[in-house]
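Trainee: Could you take me through some local features of this model? I would like each answer to end on the value or name I ask for.

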Amino acid sequence: MRLKMRTMEGLYALLLLLPFLFTLGVFFLYAFLRAFYFSFTDYNLFSSPRWIGLANYLRLFQDPLFLTALKHTLAYSAIVTALQTFFALLLAVALNRPLRGVTFFRTLYYLPSVVSTAAASLLLLWLFQRTGLVNQALSLFLARLPHLGTLLALFLVFQGAQLAWARHRKEAASFWDPASATLSFLGAFLGVYALALLGLVRPLEVRVEIPWLPTRATFLGLPYPLWAIILMNTYTTIPTFMVLFLAGLKGIPRTLYEAAALDGAGPWVTFSRITVPLLRPVLFLVVTMGLIGTLQLFDQVLFVGGSGGAPLESTITLAYYVYGNVFPSGAQPRVGLASAAALVLAGLTLLIVLLQRRFGVSERGWS
Amino acid sequence: MLPRFWARLAWAYGLLLVLGVFFVAPFLMGFLASLKPDPLEWPFRLRFAQVSPKNWLAAWGLGRAGSGDPWLGGMRPGREVALEVAYFVPRGQEPGLSAQIPRRKPGAGMGAVFESPYAADHVRLEGPFLLERRPARLGEAEGEVYRYRLRLVYPAGEGPFLERVPLDLEVERGVVLVGATLDPTRFERRGRVASWDNVVPGLLGYVFHNYVRAFRETRSLETGESLFLRWTLNSFLLALAKVLTTLVFASMAGYALARMRFPGRQALFLFMLFSMMVPGQVTFISNYLVLRDGIFGLSRLFGVETLLNTYTGLILSGLVGAGAVFIMKQFFESIPREVEEAALIDGATPLQTLFRIVLPMSTPALGALAILTFQGTWNEFFWPFVVLTSPREIYTLPIGLLSFRSAYGQVGDWGLILAGGFFSMVPVLILFAVFQRYFVEGVSVGALKE
């Protein structure tokens, strides 16, 4: 009787799982195994696959385009993950205060994350045109350097004066005191305004016209168009991870901070000794998710390339290399080669996840 | 001294505001640029014709006069439109104003292919009539302001509906346009020619000029219907179908994984996690072939040779994602077991328990999953891009945007490209505005709940 119950339950489970098993079996397991098989064959989608052993893998590592794609993918992944994790953490810590209206701002910051990669890519293309907003913003910034420099100098002067005054009156004073910083800032602002009115501080004449996209020029070993994609994608993914960090920060008991404050710990000590260690699981999760996501960069490459855009060698990634070999324009599909490249991509991803698990990620770090 | 409390608050809100500007400004600027005739102008101005209420009123009025439609404008036979312009003429010079309705194609790229009636063949231009002359100054220069009226008359009788009536006004060198009922779209030849792309635009046609163009100019070569509209509909239908299948099948699978005992349960769960980590580029080759052959030839039973370029194929290949199953499983595990045990003891089958008891309790999770699935499908690019290649009528919006990019990128028609991009954001932005809690929490639902 008991056995029968068990069997019944198993059958029901099978029934409930059927659609999922269909998707998982046909469109994942079968596909994965087939990709594995294809990677050892010569196959062009039409004739039947011919076994050639490891030749594809050997060819892959002799193909300069593949090596470029590999380099781009790894560099892009490392840079974007580092940047987005760092800034997301910074933002989350800054936003994790009991301020009125902070939820509104959180929601506002999340906005760039909802947008599709297609729409974001179009925005990227527009922003990084020769007369686009990025070059205009850079020009404005450089032209106003005298103002900014004066602002900073005046701020430091005022702040120093206030500090000296407080010391003189034997009061406790800190450089970071918000009240005196506000006064100094306002003073410096008015000072710069007055100097600008008097014509003593003048904007420089700068016009930055960096061709971000249609170029092969490189910066720090990476092409300009890839940098443009890096900047844009960091910008759109920061908010997602910020939300994850915020959820993690909520889980840290306030009492820990209070105890630290009683022991006289400063903000840096609190951050490095309490916040970061307790955020470790979330940190690992964010890094893993970031790496997995960035390794698959594809859409932006397609959008940024094309007519009037970036040359392919400047933006190609592994994902694009795979696609480009399955559907090359005006050539036979090289499915075997593409499968081998795809498996390299998958191998990289799995390696990262395994490394993460190896170095202390708990179960929470998965998915 | 300033009270510390207020100073700290000021810095905190200052920081929030600066970050807010940082995260929203590029989108806001992009949106404004999508309204401009020239989105790449340098320097970028925040005040331009399309954001001025004076022009909104004028566009409304002109649109109504031209066709009776104040929103989208146009011109019908038997209608008449009047436009007033004012020129500053330096002393000792004549304005030498000449006006004409140019024969101009409505656009570049896909829009240029279609034969559309020229307004110049149907509309008669009357004027310019001088209304007024009065002395005036413009900066240093002295001179006079001339005010003119132009009448555009579409004689009654047979004639096509004109979507747009362009207008060019040319003057002598040194003469400056200082006012017009409706500000011109652009100036050519060092400001001597003021050009209107459409003098009967209607309110939407004027402010959302590029958006209207996206719908009107992106048309199918065979049927002439609006491709952009079609892509939007396709995206909607696909997203709705995906939401439905995901909700049903993910809760079924999630329930089995969360509550039922069967051999290989743990292994299946681990395998599911594994499948979530493998990039789509690994599996898409085989999936492409599977759809090409009609899922092992099974689709031939329904008389369908191949599932490529069909929505059936797209839906079947993504019936339920592992991520969705994961979210539902996590949620079901958080429901107390006692609730279902009562039902099971009363003799309900697991199916009845799931659909009658557990799912009605799961509306928050189902809601979040629905919204995330909708957003995910609406934004998805790679897989639809592989499956849907021809004809262009079957594209989804993101793929359509790519064809936009290739059609208009070369000619630098950024207004149209940006308009397409921003239009594609609208549904997700509305969803986000209404259900932002789900979006913001949704990321952490699957990730942080143990």
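Trainee: Is B:Glu188 buried or partly exposed?
Mentor: This is a predicted model, in which local features need pLDDT of at least 70, side-chain atom pairs count only at pLDDT 80 or more, and totals for chains, interfaces and linings use all residues. Residues are numbered from 1 along each chain as its sequence is written, chains are lettered from A and ligands numbered from 1 in the order in which they are written, and side-chain values use heavy atoms, with hydrogens and water left out. Buried means under 20% relative accessible area, exposed over 50% and partly exposed in between, with a 1.4 Å probe and protein chains only. B:Glu188 has 29% relative accessibility, so B:Glu188 is partly exposed.

Trainee: Which side chain meets B:Glu188 in a salt bridge?
Mentor: A salt bridge here is a side-chain nitrogen of Lys or Arg within 4 Å of a carboxyl oxygen of Asp or Glu. The N to O distance for this pair is 3.0 Å.

Trainee: Which residues do salt bridges with shared partners join into one network?
Mentor: Side chains of opposite charge can pair when their charged atoms come close. Over all chains the count is 34 salt bridges. Those that share partners link up into one network, made of B:Glu84, B:Glu132, B:Arg134, B:Arg147 and B:Arg149.

Trainee: How many residues apart in sequence are the parts that B:Glu144 and B:Arg133 tie together?
Mentor: These two side chains form a salt bridge at 2.9 Å, N to O. B:Glu144 belongs to strand β4 (residues 141-153) of chain B and B:Arg133 to strand β3 (residues 124-138) of chain B, so the pair ties together parts whose separation in sequence is 11 residues.

Trainee: What is the relative accessible area of B:Arg133?
Mentor: B:Glu144 is partly exposed, with a relative accessible area of 25%. B:Arg133 is also partly exposed, and its value is 46%.

Trainee: Which strands stand at the edges of the open sheet of 4 strands in chain B?
Mentor: Helices (H or I, at least four residues) and strands (E, at least two) are DSSP runs, numbered from the N terminus, and two strands pair if DSSP finds at least two bridges between them. The order is β2-β5-β8-β7 in chain B, with antiparallel pairing. Two strands have a single partner each, so one side of each lacks a neighbour in the sheet: β2 (98-100) and β7 (186-188) of chain B.

Trainee: Which residue stands opposite B:Asp168?
Mentor: Strand β5 (residues 167-170) of chain B pairs with strand β8 (residues 193-196) of chain B in the antiparallel sense, over 4 bridges. Within β8(B), the residue opposite B:Asp168 is B:Ser195.

Trainee: How far apart are the axes of α11 and α12 of chain B?
Mentor: Axes are lines fitted to C-alpha atoms, for helices over the stretch in contact, and angles run from 0 to 180 degrees between N-to-C directions. Helix α11 (residues 350-361) and helix α12 (residues 363-379) of chain B pack at about 75°, with an axis separation of 5 Å.

Trainee: Which residues of chain A does B:Glu41 touch?
Mentor: B:Glu41 sits in the loop between α1 (4-35) and α2 (53-67) of chain B, and at 14% relative accessibility B:Glu41 counts as buried. Taking contact as heavy atoms within 4.5 Å, and not counting residues up to four places away in sequence, B:Glu41 touches B:Lys36 and, in chain A, A:Thr131 and A:Gln136.
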